[in-house]
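Let's take a walk through this structure together, one region after another. Keep the view open and turn it as you read.

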Amino acid sequence: MAAVAVTMVRRLLRSGPRPGLCGAGGREPGAAPRRAIGHGRVAVELDSSAGVAVMKMENLPVNSLSLDFLTEFLISLEKLENDRGCRGVILTSGAPKIFSAGLDIMEMYRKSTEHYAEFWKTVQEMWLRLYQSNMVTIAAINGSSPAGGCLMAMCCDYRIMAENPKYSIGLNETQLGIVAPFWFKDTMVNTIGNRATERSLELGLLYSPPEAHKIGLVDQLVPEEKIQSTAAAVMSQWLAIPDHARQITKSMMRKPTVDRLLAHRESDIQNFVSFITKDAIQKSLHMYMEMLKQRRG
Ligand SMILES: CCCCC/C=C/C(=O)SCCNC(=O)CCNC(=O)[C@H](O)C(C)(C)COP(=O)(O)OP(=O)(O)OC[C@H]1O[C@@H](n2cnc3c(N)ncnc32)[C@H](O)[C@@H]1OP(=O)(O)O
């Protein structure tokens, strides 16, 4: 992991300084101590008295999961993971109406094979870290969450979604002409079961909040303005469970899925590279991007 962190820091330095949030956060007299410890694209505020951090994704406009964003996300997550004062994380979005647009399509289009390999390794790393986090992780889904965005939410221990009919969530990869990898599929199976996953993946379904709630893709729906307070209340319930018992249980449930990727990590990267470099797949991505443009008018 140390080598990964060094590579990530180097990459961040290469990509130049961003308006960071490092250092002590301002606070009202008598208010709980809060520390802002994130980078530019990931704002992190740690409430030390509660032991809870809010990680707000701020890769505007749509929180697409680019290589730089994922790198910053991983560094912030690792900091929290190593902070004994942090027991829970609420993952949410600072982008209006979007939780995350999923993997950044531009990272998968007309790039070198080396770039694809580095990108995919970082996507794997995000999943491995988030899915296995020792902290309680709650997704406060305050916007649409297709594909990789849905994956991030499914990595969390609990999902709360704003009940806005304009939002949707799901693994829609087949609609782009691409295929969700086996560990995306496994994560969904662990969340909603085999049959619902099969239908969902084949059709590339994006669910409205009530549909997502019905199939168990999200655990709770709340009015938009209540999402952060509900996440904080649910977090308190989860933190009432002794950490060691909860962590061992989580690991017992998730380890077989994690081990599967760990056993096939290199071949999964090779599969991604050979798939994404196919002319037909590049054409599909191009057409999908054109379709998004046309939809905007
Ligand atoms: C091969 C192995 C499998 C790999 C597994 C793949 C997993 C993935 O995550 S693939 C990505 C799937 N994501 C999507 O299908 C989402 C596509 N985007 C949308 O549906 C919409 O953009 C939206 C619902 C997220 C937001 O809609 P709206 O508010 O109307 O905003 P715009 O459509 O106008 O988009 C604004 C801006 O952002 C760009 N953009 C959107 N999504 C992505 C993305 N995933 N990656 C990169 N860029 C994205 C969009 O093109 C616009 O850019 P500009 O034209 O420069 O303004």
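In β2, E45 is the bridge partner of A36. That link belongs to the antiparallel pairing of strand β1 (residues 34-36) with strand β2 (residues 42-47), which runs over three bridges. Keep in mind as you look that this is a predicted model. On to the next strand: β2 also pairs with strand β3 (residues 52-57), again in the antiparallel sense, and here there are six bridges. Look for D47, which stands opposite V52 in β3. Four residues lie between the strands in the hairpin of β2 and β3, where G51 takes a positive phi near 75 degrees.

Follow the chain onward and you reach a cis peptide bond, the one from L60 to P61, with omega near 10 degrees. P61 sits in the loop between β3 and α2.

R110, although not a glycine, has a positive phi of about 50 degrees, and its place is the loop between β4 (88-93) and α3. A147 is not a glycine either, yet has a positive phi of about 45 degrees; you will find A147 in the loop between β6 (145-146) and α4. Which of them is buried and which exposed? R110 counts as exposed because it has 10 C-beta neighbours inside 10 Å, whereas A147, with 25 other C-beta atoms within 10 Å, is buried.

Now turn to helix α3, residues 113-131. An α-helix has 3.6 residues a turn, so residues three or four places apart point the same way.

Of the 27 residues around the ligand, A101, G102, L103, A147 and G148 come nearest. Two or more residues of the shell come from each of α10 (265-276) and α11 (279-296), and α10 gives the largest share, three residues. By class, the shell holds 18 nonpolar, five polar and four charged residues.

Technical notes
Residues numbered from 1 in each chain as written. Predicted model: local features only at pLDDT ≥ 70, side-chain atom pairs only at ≥ 80, totals over all residues. Near = placed C-beta within 6 Å. Nonpolar A, V, L, I, M, F, W, Y, C, P; charged D, E, K, R; others polar. Pairing = 2+ DSSP bridges. Buried ≥ 20, exposed ≤ 12 C-beta atoms within 10 Å, placed from the backbone.
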